[in-house]
Amino acid sequence: MDLNNLRDRAYKNAVAHGWHEENLSNEHYLCLVISELMEAVEADRIGKHSDVAKFKEWQGNSIPLTEETRQRRFKEDFEAYIKDTVEYELADAVIRLLDYCGKFNFVIDDSCSDSEAIEDFSRLLKKMTFTESIFHIVESISRFEIQVAFLKIFGFCKQKDINIFWYIEQKMKYNELRPYKHGNKKY
């Protein structure tokens with residue numbers, strides 16, 4: 001995955017949905033990343049994981065659909081099988097981090113997708129509980145170590161066997177279909 005292309009897409013979508021109308025601080029945006037990680041913790045606490053097989057089964061229907069029906073079906077299936085799960089929240093954290101990088105013109109280094117570095121973080125985080133791993137990621141975000149935060153999230157997902165880039169793609173599609181400011185959110 002080209003993280004800088006994903007960054008541009010995430011930022012463009014956030015702008016289109018009204019998330020950058022105010023000039024807010026780095027800390028504001030990074031706090032929102034952390035809030036997504038905390039939502040992942042809450043989803044883990046109640047054992048809420050996505051059902052990719054069911055999602056793909058329902059999305060795999062080959063009946064010709066209008067674009068409007070296809071989008072409606074995608075949203076319905078996404079909400080039924082992926083939304084508010086551990087995987088969804090981790091993807092959302094990455095998307096918010098990508099948006100942050102877009103907002104502040106931060107170029108994401110190729111090292112963030114280095115498989116050896118991701119593997120190293122996967123081994124490191126394997127020794128920790130779910131919450132300890134998330135805390136470890138939050139520490140990097142709090143220190144503005146953005147590239148390290150990406151690596152830790154990707155390493156964590158590798159260790160948990162989560163195809164994070166698939167979830168990011170699905171979540172970005174879902175976000176693009178959502179109403180302005182998601183219909184009711186202040187920030």
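Tutor: A cavity, in the sense used here, is a set of grid points where a 1.4 Å probe fits but cannot get out. The structure discussed below is a predicted model.

Student: What volume does the largest cavity have?

Tutor: The count by this rule comes to one cavity of 30 Å³ or more. The volume of the largest cavity is about 50 Å³.

Student: How many of the residues that line the largest cavity are charged?

Tutor: The lining of this cavity is made by Gly18, Trp19, Glu21, Glu22, Leu24, His28, Lys181, Lys186 and Tyr187. Sorted by class, the lining has three nonpolar residues and two polar ones, and the number of charged residues is four.

Student: Which residues are the closest to the centre of the largest pocket?

Tutor: The largest pocket, which holds about 440 Å³ of space, is lined by 26 residues. Helix 1 (3-16), helix 2 (26-45), helix 5 (86-103) and helix 9 (164-177) are the elements that each give two or more residues to this lining. By class, the lining of the pocket divides into nine nonpolar, five polar and 12 charged residues. The lining residues closest to the pocket centre are Trp19, Asp92, Arg96, Asn175 and His182.

Student: Is His182, which has a positive phi although it is a residue other than glycine, buried or exposed?

Tutor: His182 lies in the segment after helix 9, and its phi is near 55°. Because a relative accessible area under 20% counts as buried, and that of His182 is 17%, the term for His182 is buried.

Student: How are helix 2 and helix 7 oriented to each other?

Tutor: Helix 2 packs with helix 7 (residues 130-142) at an angle of about 180°, and the two axes are 10 Å apart. Because angles over 145 degrees count as roughly antiparallel, helix 2 and helix 7 are described as roughly antiparallel.

Student: How many nonpolar residues take part in the contact of helix 2 with helix 7?

Tutor: Helix 2 contributes residues including Leu30, Val33, Ile34 and Leu37, while helix 7 contributes, among them, Phe130, Ile134, Ile137 and Val138. Two residues of the contact are polar and one is charged, and the number of nonpolar residues is 12.

Conventions
Residues numbered from 1 in each chain as written. Predicted model: local features only at pLDDT ≥ 70, side-chain atom pairs only at ≥ 80, totals over all residues. Heavy atoms only, no water. 1 Å grid on protein atoms, 1.4 Å probe; cavity = no way out; pocket = protein on both sides within 12 Å on 5 of 7 lines; lining within 4 Å. Points joined across faces, edges and corners; volume = space filled by probe spheres on them. Nonpolar A, V, L, I, M, F, W, Y, C, P; charged D, E, K, R; others polar. Helix = DSSP H or I, 4+ residues; strand = E, 2+ residues; numbered from the N terminus. Axes fitted to C-alpha atoms, helices over the stretch in contact; angles between N-to-C directions. Parallel < 35°, antiparallel > 145°, perpendicular 65-115°, else oblique. Contact = heavy atoms within 4.5 Å. Buried < 20%, exposed > 50% of the residue type's maximum accessible area, 1.4 Å probe, protein only.
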